[in-house]
Amino acid sequence: MFDESLHEGCGIFGVFNNPQAAHLTYLGLYALQHRGQESSGIAVAGPQRISMYKGMGLVSQVFKRQQRIEQLAGSSSIGHNRYSTTGSSTLTNAQPIVINCRAGQIAGAHNGNLTNADTLRKRMVDDGSIFTSTTDTEVIMHLIARSKRNSIDAMLLDALSEVKGAFSIVFLTGDALYGARDPYGIRPLIIGKCEESYFLSSETCAFDLVGAEMIREVKPGEMVRIDRNSLTSFTIPAFEQASRLSHCVFEFIYFSRPDSFVFGKNVDRVRRKLGRQLAAEHPVPNADVVMGVPDSATTAALGFSEASGVRFDIGLIRNHYIGRTFIHPVQEARDFGVRIKFNPVKGVLKNKCVVIVDDSIVRGTTMKKIIRLIRTAEPAEIHLRISSPPIICPCFYGIDMPTKEELIATSQDVEEIRKYLEVDTLGYLSIEGMLSVMPGPKENFCAACFNGEYPIAL
Ligand code: SF4
């Protein structure tokens, strides 16, 4: 995915019972960096108390001094990478959040968006509560602190039963690590193990880096407690029982890494199938070469190539090292931001009939720039293929998308978008085609940003 107007919500990670807990969490967050680049933080349960460090920027920037990890002593921890979906981009909104309440210290880190956070927040503010951030996570932490139940388990379940919407969440106390998922299973959360240590992660690619094996997913509507004795499962007494599962299809289309397992399936396999289905729906009979917009569309482009028999090649090189490179405003006006990130490969593209595969179009502005850039390599024809349907509605479950008015497909049909992007042909995957390659019944997936059918009332 290349369009910069679409970003993931967050990545979460947890470790229980490992003397290197903070370091392993750092590595886990590093593997989950694609899920959020705005801020990063780690909370560790030490012998006396929970300590925490968080900051703005990439994991490697926030924890660039080894000391910061070493100071987080303890054998259990949680971590969080954030991209803001609710709340502004400030340090006060970085996670984890640590509270001191009747039950002691609790840290929490959350992926997803609640649909009743504003209502709950207003109720609590009217009641005298003080909030220091604008995140949904703080709403959950307040609910925990206000619960009248007598055990931490019951307080957490009490709080989670009040919230509606999407949540995959980890909590840390002095002696246990918890993980929970909303009853719809919108965002992933997976349990891993390595010898005597347990792990929780948004995606399994983080387990590979820390040497853990996936055990199973935290089930939709389940809370697990991992402590010295065992892994215990609880059912969240849901505020509103889910009528069906609603896994986010975008996890397979774009957000999750291809080397991860989410919703019980390898992302690479599903993403290739999306590409294959796209080739079946929108073939390009005279194509010479298929390329993907790096990096996230590469797998779908390989699927397109496999199904169509058209050769896959690298037509665009991405510079991974630009970081926060300063771009002069005059250069910015000339699309320099795209040029500094990407460069077309003339030897692959010149005089060729090229199929470009990307995973989605949000506003269309970035795609237009990249097509212009590719034109400088003088291809004979450009056929753009998108491995998802047109996005017509925003996401309210934890993915940062622009407003409905800003989504190009809400106001323009495919032919108008084709003309705007200046490509020879444009083909989007159909909703039916997309759902047909998802693992499991199509009713088990949320596709609201494509069809407007929101599974949880807004
Ligand atoms: S609306 Fe779209 S991005 Fe949001 S959860 Fe549903 S499928 Fe995923």
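Q: What kind of model is it?
A: It is a predicted model.

Q: Domains, then. What does the domain assignment give?
A: The assignment for the protein chain gives domain 1 (10-242) and domain 2 (269-440).

Q: How many Å separate their centres?
A: The centres of domain 1 and domain 2 are 34 Å apart, taken over C-alpha atoms.

Q: And how many residues are in contact on each side?
A: Domain 1 has 11 residues in contact with 5 residues of domain 2. On the side of domain 1 that touches domain 2, 7 residues are polar, 3 are nonpolar and 1 is charged.

Q: Switching to helices. How do helix 4 and helix 5 pack?
A: Helix 4 (residues 117-126) and helix 5 (residues 136-146) pack at about 50°, and their axes are 10 Å apart. Helix 4 and helix 5 are therefore oblique to each other.

Q: Left-handed or right-handed crossing?
A: Left-handed for helix 4 and helix 5. Helix 4 makes the contact with A117, L120, R121 and M124, while helix 5 uses D136, V139, H142 and L143. By class, that contact has 5 nonpolar, 1 polar and 2 charged residues.

Q: Now helix 5 and helix 6. At what angle do their axes cross?
A: Roughly 130°, and the axes of helix 5 and helix 6 (residues 152-160) come within 8 Å. Helix 5 and helix 6 are therefore oblique to each other. Helix 5 passes helix 6 in a right-handed crossing.

Q: Which residues make the contact?
A: From helix 5, I140, L143 and I144. From helix 6, M155, L156 and A159. The residues in this contact of helix 5 with helix 6 are 6 nonpolar, with no polar and no charged ones.

Q: What about helix 9 and helix 10?
A: The axes of helix 9 (residues 267-281) and helix 10 come within 7 Å and cross at roughly 50°. Helix 9 and helix 10 are therefore oblique to each other. Their crossing is right-handed.

Q: Which residues are in that contact?
A: The helix 9 side includes D268, R271, R272 and K273. On helix 10, T299, A300, L302 and F304 are among them. By class, the contact of helix 9 with helix 10 has 9 nonpolar, 4 polar and 6 charged residues.

Q: New topic, the ligand. Which residues are around the ligand?
A: The residues around the ligand are I186, C248, V249, F250, C395, Y397, I399, C446, A447, A448 and C449. By class, this shell has 11 nonpolar residues, no polar ones and no charged ones.

Q: Last one, the backbone. Where are the cis peptide bonds you have for me?
A: One runs from Q95 to P96, with omega near 5°. P96 sits in the loop between strand 4 (76-82) and strand 5 (97-101). Another joins P294 and D295, with omega about 0°. D295 is in the loop between strand 17 (289-292) and helix 10 (298-308).

Q: Why point those out?
A: Because most peptide bonds are trans. Likewise, most residues other than glycine have a negative phi.

Q: Which residue has a positive phi although it is not a glycine?
A: E195, with phi of about 50°. E195 lies in the loop between strand 9 (190-194) and strand 10 (197-201).

How values were computed. Residues numbered from 1 in each chain as written. Predicted model: local features only at pLDDT ≥ 70, side-chain atom pairs only at ≥ 80, totals over all residues. Axes fitted to C-alpha atoms, helices over the stretch in contact; angles between N-to-C directions. Helix = DSSP H or I, 4+ residues; strand = E, 2+ residues; numbered from the N terminus. Parallel < 35°, antiparallel > 145°, perpendicular 65-115°, else oblique. Left-handed = near helix turned anticlockwise from the far one by under 90°. Contact = placed C-beta atoms within 7 Å. Nonpolar A, V, L, I, M, F, W, Y, C, P; charged D, E, K, R; others polar. Near = placed C-beta within 6 Å. Domains from an automatic or database assignment.
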